[in-house]
Amino acid sequence: MGPEEREGVRARANGSSALRRGANERPRVRLDQPRVPRRSLLPEYDPDAFGRMSEKIARFLGTGRFLVWMTVIIILWICWNVTVPLGLRFDQYPFIFLTLALSLQASYAAPLILLAQNRQDDRDRVTHEQDRGRNDRSIADTEYLTREIAALRLGLGEVATRDWIRSELAELIRELETRQPDEAGRDERDR
């Protein structure tokens, strides 16, 4: 560490601000403003767009249309390389280039399918979490309503219900009907 660097360290230790420092030092970072994005030498891509594209490819790879086209291409490839003159053949009998092309297609298809499955798993996980939350709320609501119904039943046990009043009135009417013939007989005797 040279004498100039030591002086800069001492000045910072003594509390000097960025304004008092020399012009060759880095300015103070402002926290109330967003950072200016840095340029990168690496290419940038949107992971979500890449995931959507991989899902489209994986969906296509899982269709009958893909199998039919793949079968047609392989049959044409083999027929071309067996039937045409030797000068026009591009892949001789062991069909090494065809094997390489199919291996390349499989090596790209497998990670794309796995990426699509991972995205589907993430969506399923979110859906399951939302379902679990709805179920928890439904259970809580059901428990609340059960407690409310129990409280109402307890309250109704102390309140006269329509059926109870009807039964009491019917009982009183029966008592009055049984008393009326007795009282009619007493009134005749009293006369």
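**Entry 1: aromatic pairs**

I counted ring pairs and got 4 aromatic pairs. The rule takes rings of Phe, Tyr and Trp (its six-membered ring) with centres within 6.5 Å; planes under 30 degrees apart are stacked, over 60 edge-to-face, and the rest tilted. I looked up Phe60 and Phe66, which pair edge-to-face with 5.6 Å centre to centre and 75° between the planes.

I noted that this is a predicted model, where local features need pLDDT of at least 70 and side-chain atom pairs count only at pLDDT 80 or more, while totals for chains, interfaces and linings use all residues. Residues are numbered from 1 along each chain as its sequence is written, and side-chain values use heavy atoms, leaving out hydrogens and water.

Next I checked burial (buried is under 20% relative accessible area, exposed over 50%, partly exposed in between, with a 1.4 Å probe and protein chains only). Phe66 counts as buried because its relative accessibility is 15%. Phe60, at 37%, counts as partly exposed.

**Entry 2: Trp77 and Phe90**

Trp77 sits in helix α3 and Phe90 in the loop between α3 and α4, so the pair ties together parts 13 residues apart in sequence. Helices here are DSSP runs of H or I with at least four residues, numbered from the N terminus. Trp77 is buried at 15% relative accessible area, whereas Phe90 is partly exposed at 46%. Ring pairs link Trp77, Phe90 and Phe97 into a cluster.

**Entry 3: Asp91**

I then looked at Asp91, in the loop between α3 and α4.

The side chain of Asp91 does reach the backbone nitrogen of Leu98, at 2.9 Å. Leaving aside residues up to four places away in sequence, Asp91 touches Trp77, Asn81, Ile96, Phe97 and Leu98. Contact means heavy atoms within 4.5 Å.

**Entry 4: helix α4**

I checked helix α4, residues 96–157, which has 62 residues. From first C-alpha to last it reaches 89 Å, close to the 92 Å expected at 1.5 Å a residue; the expected span is 1.5 Å times one less than the number of residues. Leu98, Ala109, Leu112, Ala116 and Arg119 are buried in α4. The buried residues of α4 pack against α2 (47–61) and α3 (64–83).

Methods. Helix = DSSP H or I, 4+ residues; strand = E, 2+ residues; numbered from the N terminus. Polar contact = N/O pair within 3.5 Å; in protein donor to acceptor, adjacent residues only side chain to side chain.
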